[in-house]
Amino acid sequence: MEEEIFSFKIVPRQERFYNENTAYGVYSFTTDNDIPNCYECYDPQMNKTKGCILAGNVQRLTVGIPYEVKAKLSFSKKYDSYQYEPITVTPDIPKSYEAQVDYLRTQVTITQAKNILAAYPNVVDDVINGREINYRKIKGIGEKSWNKIKDNLIKNYGVADIITMLRPYGVTVKMVQKLLSSYSSPQILKQELEKNPYILTKLKGLGFKRVDNLALKLVPKMRNSEERTIAFLRYYFQWLGENEGDTWIPVNQLD
């Protein structure tokens, strides 16, 4: 029997655990949606609401900002309680002035947040799309503080679309984060993936066969493409070297 997938909105209230190396996290959250096996609780404004636990492979979440979640309900024998295992966790990208202030306040003071928006009114969109930002134009923000803000923006908002696109094919959050380190912005990485999904063969743990299956689902027209041929040849010659001891083969074997 196929497990039911629940769609709901959450606000993380506490990061109980997060491992950067495995991208595994445990968060307590509140929700106004009617999902099973939640407990009654109060949000920070003391409004009565529901709470539960989100535990699994997920990008690092920011406490206090909303996310759209698709998840499966599971039972933890270790903790003797129900929890939700994330499939996709997508943040609501803040666009209004007030929403951006609310997000930035999770990283800096309210005065610093307003200073950032005074210099860059669309700072979230600017960072996601890789637009240049000169932190020296922002009063009260140094290089270290800005790099922290930028990294958190990318981790929260920049990778969300890419994770949503690739996760159904078994690509993990950690793999996406590693691939992102080779590109100047999440938007450029997304464009490159849409143009040539075979760049995923750069990742350890994703061989040609797995990537080929994914690529043809994402971009079916690549079946007879040069990119597919090159990705296969790299895979095949690496396999020959590792299993046959050399990479010599007759030319007609490649026909």
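Helix α1 passes helix α2 in a right-handed crossing (a crossing is right-handed if the near helix is turned clockwise from the far one by less than a right angle, and left-handed if anticlockwise). What you're looking at is a predicted model, where local features need pLDDT of at least 70, side-chain atom pairs count only at pLDDT 80 or more, and totals for chains, interfaces and linings use all residues. Residues are numbered from 1 along each chain as its sequence is written, and side-chain values use heavy atoms, leaving out hydrogens and water.

**The helix pair**

- Two packed helices are described by the angle between their axes and the distance between the axes.
- Here, α1 covers residues 97-104 and α2 covers residues 110-119, and they pack at about 130° with their axes 9 Å apart.
- That makes α1 oblique to α2 (under 35 degrees is roughly parallel, over 145 roughly antiparallel, 65 to 115 roughly perpendicular, and the rest oblique).
- The axes are lines fitted to C-alpha atoms over the stretch in contact, with angles running from 0 to 180 degrees between N-to-C directions.
- Helices (H or I, at least four residues) and strands (E, at least two) are DSSP runs, numbered from the N terminus.
- On the α1 side, Y97, Q100, V101 and L104 meet I110, A113, K114, I116 and L117 of α2 (contact means heavy atoms within 4.5 Å).
- Sorted by class, this contact has seven nonpolar, one polar and one charged residues (Ala, Val, Leu, Ile, Met, Phe, Trp, Tyr, Cys and Pro are nonpolar, Asp, Glu, Lys and Arg charged, and the others, Gly among them, polar).

**The cysteines**

- You'll find zero disulfides in the structure (a disulfide is a pair of cysteine sulfur atoms within 2.5 Å).
- For C41, the closest cysteine sulfur is in C38, 8.3 Å away, and that's too far for a bond.
- C52 isn't in a disulfide either: its nearest cysteine sulfur, again that of C38, is 4.6 Å away.
- C41 counts as buried at 16% relative accessibility, and C52 counts as buried at 2% (buried means under 20% relative accessible area, exposed over 50%, partly exposed in between, using a 1.4 Å probe and protein chains only).

**Positive phi angles**

- Most residues other than glycine have a negative phi.
- M46 is not a glycine, yet its phi is positive, about 65°.
- M46 sits in the loop between β3 (39-42) and β4 (48-57), and it is exposed, with a relative accessible area of 59%.
- D80, also not a glycine, has a positive phi of about 55°.
- Look for D80 in the loop between β5 (67-76) and β6 (81-91), where it counts as exposed at 60% relative accessibility.
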